[in-house]
Structure formats: C-alpha cells, structure tokens
Amino acid sequence: GNWRFNWISWSLYSNIKNVNVFLANVDLVPTETAGEAASIETMKAEAYFIRAFDYHNLMRSYGGVVLVDQPFELGEDFLSINRSSLDATLDFILADCDKAIAGLSNDMDQGRATKGAAAALKSRILSWSTGELMHGAYSSDELVSFKSKSRASLLADAKTIAKAIMDGT
C-alpha cells in the first residue's frame with residue numbers, strides 16, 4: 001500500500017542486525033594511532049544511537065519488542081526468543097542513548113549523530129512514555145503498559161534531559 005509510515009516496521013531489525021554485527025566485531029579492528037582509536041569509539045557511539053533510534057521507532061509502533069544486542073549464530077534456537085516488556089524495552093533504549101551520549105560530541109558533521117541528537121532521542125522516548133495509554137488506559141499487558149515506571153518519574157527524567165540539551169551540557 002501507499003501508507004506513509006511503512007518504514008516503521010519489523011524490517012528495522014535489518015538495521016539492528018547490522019549494528020549488532022558491527023559492535024561485536026569493531027574492537028577487532030587494529031588501530032595504529034590515537035586518532036584511529038578515537039574514530040572507532042565515535043563510530044561505536046553512532047551505532048548505539050542508530051540502534052536506539054530503531055528500537056525507539058519499534059517501541060512507539062508495537063510496545064515491547066524483541067531485544068537483540070548480539071549477532072545471531074547459525075543453528076541458534078529462535079523459539080526461545082520472546083518479546084520483552086515495555087519496561088525492559090525502554091530501559092534498553094535508554095541504555096543505548098546513554099552510551100551514545102557518552103561517546104558523541106556536539107561537533108556538527110552532515111549525516112552524523114551528535115551528543116545533542118542522542119539526548120533529544122532520549123528525551124523524546126521518555127516524553128512519549130508518559131502517555132496514559134502506556135500506563136494502563138489501554139491494557140494492563142506488560143507488552144503495552146509500564147509496570148515499574150510512573151508517568152511522573154518518566155516526565156521528570158524527560159524534563160531533566162531536555163533541560164540539559166537546552167543548557168548545552
């Protein structure tokens with residue numbers, strides 16, 4: 001169909017797979033200079049940003065999703081992999097955002113993630129998570145409703161990170 005949100009689909013796992021393969025192998029790349037080592041650290045932070053961005057889109061569309069942080073191996077038992085709760089999905093995204101924030105700078109480079117972009121993504125998913133629908137108004141199922149997070153605490157966290165963005169810290 002001609003649905004304008006077709007890009008928000010389970011196919012985002014293709015991006016996530018690529019990020020996981022990169023993160024699992026990037027430390028094996030030999031470096032000869034401090035600059036090369038620093039570039040690898042920046043690329044790792046960018047990879048965490050991409051994975052957080054993809055999972056944020058999946059979570060906003062589907063609630064709790066299958067969380068994958070390692071490449072799959074041939075012969076792996078895929079029947080043992082289940083969707084995670086909304087709480088666990090948000091925690092995963094926030095952890096990736098924090099890794100991205102820690103490793104990125106605010107130097108602007110076309111097409112590259114910045115510390116501010118990662119912080120904005122964190123604030124966005126926290127803000128989205130404060131909605132009534134994710135707190136039992138739609139369903140009490142853990143795949144679509146938070147069990148261990150209050151709307152007030154999520155909003156406070158969203159405000160804190162948004163303030164840090166505005167203050168440039």
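Visitor: Which residues of helix 3 meet which residues of helix 4?

Guide: From helix 3 come L90, I93, L94, C97, D98, A100, I101 and A102, and they meet K115, A118, A119, L121, K122, I125 and L126 of helix 4. A contact here means heavy atoms within 4.5 Å. By class, this contact has 12 nonpolar, no polar and 3 charged residues. Ala, Val, Leu, Ile, Met, Phe, Trp, Tyr, Cys and Pro count as nonpolar, Asp, Glu, Lys and Arg as charged, and the others, Gly among them, as polar.

Visitor: On what kind of model does this rest?

Guide: The model is predicted: local features need pLDDT of at least 70, side-chain atom pairs count only at pLDDT 80 or more, and totals for chains, interfaces and linings use all residues. Residues are numbered from 1 along each chain as its sequence is written, and side-chain values use heavy atoms, with hydrogens and water left out.

Visitor: Why are helix 3 and helix 4 called roughly antiparallel?

Guide: Helix 3 (residues 86-103) and helix 4 (residues 115-128) pack at an angle of about 160°, with their axes 8 Å apart. The axes are lines fitted to C-alpha atoms, for helices over the stretch in contact, and angles run from 0 to 180 degrees between N-to-C directions. Angles under 35 degrees count as roughly parallel, over 145 as roughly antiparallel, 65 to 115 as roughly perpendicular and the rest as oblique. Helix 3 and helix 4 are therefore roughly antiparallel to each other.

Visitor: What is the handedness of the crossing of helix 3 with helix 4?

Guide: Helix 3 passes helix 4 in a left-handed crossing.

Visitor: What makes the relation of helix 2 to helix 4 parallel or antiparallel?

Guide: Helix 2 and helix 4 pack at an angle of about 20°, and their axes are 11 Å apart. Helix 2 is therefore roughly parallel to helix 4. The crossing of helix 2 past helix 4 is left-handed. On the side of helix 2, F49, A52, F53, H56, M59 and R60 make the contact, and on the side of helix 4, A117, A118, L121, R124, I125 and W128. The class count for helix 2 with helix 4 is 9 nonpolar, 1 polar and 2 charged residues.

Visitor: How do you know whether helix 1 is parallel or antiparallel to helix 2?

Guide: The packing angle of helix 1 (residues 12-25) and helix 2 is about 155°, with their axes 10 Å apart. That value makes helix 1 roughly antiparallel to helix 2. Helix 1 and helix 2 cross in a left-handed manner. Helix 1 contributes L12, Y13, N15, I16, V19, N20, F22 and L23, while helix 2 contributes M43, K44, A47, Y48, I50, R51, D54, Y55, N57 and L58. The residues of this contact divide into 12 nonpolar, 3 polar and 3 charged.

Visitor: What is the class of R151 by relative accessible area?

Guide: R151 has a value of 39%, so it is partly exposed. R151 belongs to helix 5. Leaving aside neighbours within four places in sequence, R151 is in contact with T130, G131, E132 and H135.

Visitor: How many helices and strands does the protein chain have?

Guide: The chain has 5 helices and 0 strands. Helices (H or I, at least four residues) and strands (E, at least two) are DSSP runs, numbered from the N terminus. The order of elements from the N terminus on is α-α-α-α-α.

Visitor: What makes the protein chain as compact as a globular protein of that length?

Guide: The radius of gyration of the protein chain is 17 Å, close to the 15 Å that the globule rule gives for 169 residues, so the chain is as compact as a globular protein of that length. This radius is taken over C-alpha atoms, and the globule rule is 2.2 Å times the number of residues to the power 0.38. Buried residues make up 37% of the 169 residues.

How values were computed. Left-handed = near helix turned anticlockwise from the far one by under 90°. Buried < 20%, exposed > 50% of the residue type's maximum accessible area, 1.4 Å probe, protein only.
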